[in-house]
Amino acid sequence: MKHVLYHGSNSIIECPEYGLGKVHNDYGLGFYCTFDLELAKEWSVRSLGKDGFVNVYSFDDEGLNVLNLDDNNVLCWISILLNNSTFGIKGELASAAISYLNEYFSFDYSIYDVIQGWRADDSYFAYANDFINGTISLQRLGRAMELGNLGLQYVLKSRLAFERISFKEAIPVSAEECYPKRMKRDSEAREKYLHGERFSLDKDDLCIIDIIREEIGPDDSRLQ
């Protein structure tokens with residue numbers, strides 16, 4: 001399938017290079033894009049004083065091995081984050097949670113050419129951190145992931161995937177216009193979370209301690 005991909009950056013990137021980037025990004029080393037032009041504009045500006053660019057590419061994933069985390073339960077997403085990010089461990093429960101998720105939900109995602117999944121910006125990472133520490137349930141975490149409408153990111157992982165991407169143009173982005181939008185989106189997501197999902201619990205919700213005690217695995221219907 002052919003796609004138009006957007007990559008927000010402070011520079012123009014005509015030839016994304018395999019093997020470059022930050023190792024400790026959400027899904028490890030790769031080239032991080034989105035299908036959403038407006039989100040790419042916001043991601044391209046990290047301060048008011050620095051304008052950015054949205055790099056536009058065509059991409060064909062025909063025949064590639066694509067992992068769509070949106071089709072899997074949220075614990076698969078967290079298991080990948082555990083491999084690439086540092087969680088704030090606040091006690092024995094968090095330590096047990098990390099051990100349990102690593103044992104039962106980790107998998108070899110290196111076999112995939114592309115990963116599509118949530119973007120663990122500051123807010124979303126905080127939600128995952130709260131789940132690990134037992135503050136929110138799995139159901140609340142799932143709903144929290146919809147806050148802020150941050151959409152999905154599309155990450156090129158393999159050398160083969162990099163051979164399929166082709167630069168089309170670079171769109172200049174005004175930091176003065178888009179940085180406030182980025183901050184507003186994040187603050188609204190945090191506000192909804194703090195006054196909604198974080199401090200509420202339904203009778204049938206599953207917290208991490210329930211998942212550990214009941215030895216719930218990835219095929220359990222309660223996780224769907």
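Guide: Strand 5 is largely enclosed by the rest of the structure, because 5 of its 5 residues are buried. Buried means under 20% relative accessible area, while exposed means over 50% and partly exposed lies in between (1.4 Å probe, protein chains only). Helices (H or I, at least four residues) and strands (E, at least two) are DSSP runs, numbered from the N terminus. This is a predicted model, where local features need pLDDT of at least 70 and side-chain atom pairs count only at pLDDT 80 or more, while totals for chains, interfaces and linings use all residues. Residues are numbered from 1 along each chain as its sequence is written, and side-chain values use heavy atoms, with hydrogens and water left out.

Visitor: Is Q116 buried or exposed?
Guide: Q116 sits in strand 5, residues 114-118. It touches F35, L67 and Y154, among others, not counting residues up to four places away in sequence; contact means heavy atoms within 4.5 Å. Its relative accessibility is 13%, so Q116 counts as buried.

Visitor: Which residue in strand 5 is the bridge partner of V66?
Guide: Strand 4 (residues 66-68) and strand 5 run parallel, joined by 3 bridges. Two strands pair if DSSP finds at least two bridges between them. For V66, the partner in strand 5 is V114.

Visitor: How is helix 2 oriented relative to helix 3?
Guide: Their axes, lines fitted to C-alpha atoms over the stretch in contact, get an angle from 0 to 180 degrees between N-to-C directions. The axes of helix 2 and helix 3 come within 10 Å and cross at roughly 105 degrees. Angles under 35 degrees count as roughly parallel, over 145 as roughly antiparallel, 65 to 115 as roughly perpendicular and the rest as oblique. So helix 2 is, relative to helix 3, roughly perpendicular.

Visitor: Which residues of helix 3 make that contact?
Guide: On the helix 2 side, the contact is made by L75, I78, S79 and L82. On the helix 3 side, the names to look for are I98, L101 and N102.

Visitor: What is the relative accessibility of V54?
Guide: V54 is in strand 3, residues 52-60. Its contacts include Y6, L37 and I171, not counting residues up to four places away in sequence. V54 counts as buried because its relative accessibility is 0%.

Visitor: What is the phi of E215?
Guide: Most residues other than glycine have a negative phi. E215 is found in the segment after helix 8 and is exposed, with a relative accessible area of 59%. Although E215 is not a glycine, its phi is positive, at about 50 degrees.
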